[in-house]
Amino acid sequence: SGRGQRSVTVMDLALDDTTVLVTGASGGIGRALVGTFAAEGAQVVCLGHKGFDDLTAWLAAQPFAERCLALAADVRASEELDEAFVAAIERFGRIDVAVANAGRWPAADVPFHAIDPDRVRRTVETNLLGAAWTARAFLEARARRGPRTGGHGASLVFIGSTAGRFGERDHADYAMAKAGLVGLMLSLKNEIVRLDPYGRVNLVEPGWTA
């Protein structure tokens, strides 16, 4: 390269011929995940709930739309997730990667002694149980279909939060739900290898995200 220029090395992430399922695909992080996986050549199953109409409209305008499948599912309802996984497998044959991204962050600052128990339940149901039901459906599908050949292991990714590690004042409900993902990840990493010797489970903990 010339002076002042730098060569660029392109890394092949080997995501061609893989199918990725992303929950909470209608949100900001969700859309970024969908676009990034699609840019790497993956087929993407996009699960949305409250923003599903906006998600389908956004997908229709993307150049990778034909490699995506949009499905409506509430992650708090395990049966809806089970149905979504069945529909995704019918379309693409299998799911190689599942990203449990759907989340709920209540905007109001409320100290825990004054918090509404219903808010706590809703937060935990979406952020922790929603991720758990996603993992359960993914692992059940892997148990039925078995691992891929060639060492392409299944990948389960939880999107946590720095709040789950350091806490967040006036948002203890959110912090406790995200903290629960740590125990879930540490448990499932030891279970997935019985279904797929190359399988792995990871937890990503972003902070404030624009």
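This is a predicted model: local features need pLDDT of at least 70, side-chain atom pairs count only at pLDDT 80 or more; totals for chains, interfaces and linings use all residues.
**Aromatic pairs**

A pair of aromatic rings is described by the distance of the centres and the angle of the planes. Rings of Phe, Tyr and Trp pair if their centres lie within 6.5 Å, and by this rule the count comes to two aromatic pairs. In one of them, the ring centres of Trp-58 and Phe-64 are 6.2 Å apart and the planes stand at 65°, so this pair is edge-to-face. Planes over 60 degrees apart count as edge-to-face. Phe-64 has a relative accessibility of 10% and counts as buried.

The other pair joins Trp-105 and Trp-208. Their ring centres lie 5.3 Å apart with the planes at 80°, so this pair is edge-to-face. Trp-105 belongs to the loop between β4 (97-100) and α4 (117-145), and Trp-208 to the segment after β6 (200-204), so the pair ties together parts that are 103 residues apart in sequence. Trp-105 is partly exposed, at a relative accessible area of 33%, whereas Trp-208 is exposed, at 75%.

**Around Tyr-174**

Tyr-174 counts as buried at 11% relative accessibility. Apart from residues up to four places away in sequence, Tyr-174 touches Arg-104, Trp-105, Thr-123, Asn-127, Ser-161, Ala-163 and Glu-168.

**Helix α3**

Helix α3 spans residues 78-92, which makes 15 residues. From its first C-alpha to its last, α3 reaches 21 Å, close to the 21 Å expected at 1.5 Å a residue. Its buried residues are Leu-81, Ala-84, Phe-85, Ala-88, Ile-89 and Phe-92. These cover an arc of only 130° around the axis, which puts them on the same side of α3. An α-helix has 3.6 residues a turn, so residues three or four places apart point the same way.

What do the buried residues of α3 pack against? They pack against the strands β1 (19-22), β2 (43-48) and β3 (68-72), and against α4. The face turned away from the buried side carries the exposed residues Glu-83 and Glu-90. After α3 comes Gly-93, with a positive phi near 95°.

**Asp-96 and Ser-155**

Asp-96 sits in the loop between α3 and β4. Ser-155 is in strand β5, residues 155-159. Asp-96 and Ser-155 are in contact, and Ser-155 also touches Val-97, Ala-98, Phe-138 and Arg-200, leaving aside its neighbours within four places in sequence.

Two polar partners of Asp-96 can be named. Its side chain reaches the backbone nitrogen of Thr-19 at 2.8 Å. The side chain of Asp-96 also makes a polar contact with the side chain of Arg-94, at 3.3 Å.

| Residue | Relative accessible area |
|---|---|
| Asp-96 | 5% |
| Ser-155 | 7% |
| Phe-64 | 10% |
| Tyr-174 | 11% |

Buried means under 20% relative accessible area.

Technical notes
Residues are numbered from 1 along each chain as its sequence is written. Side-chain values use heavy atoms; hydrogens and water are left out. Rings of Phe, Tyr and Trp (its six-membered ring) pair if their centres lie within 6.5 Å; planes under 30 degrees apart count as stacked, over 60 as edge-to-face and the rest as tilted. Buried means under 20% relative accessible area, exposed over 50%, partly exposed in between (1.4 Å probe, protein chains only). Helices (H or I, at least four residues) and strands (E, at least two) are DSSP runs, numbered from the N terminus. Contact means heavy atoms within 4.5 Å. The expected span of a helix is 1.5 Å times one less than its number of residues. The arc is that of the directions from the helix axis to the C-beta atoms. A polar contact is a pair of N or O atoms within 3.5 Å; within protein, one must be able to donate a hydrogen and the other to accept it, and residues adjacent in sequence count only if both atoms are side-chain atoms.
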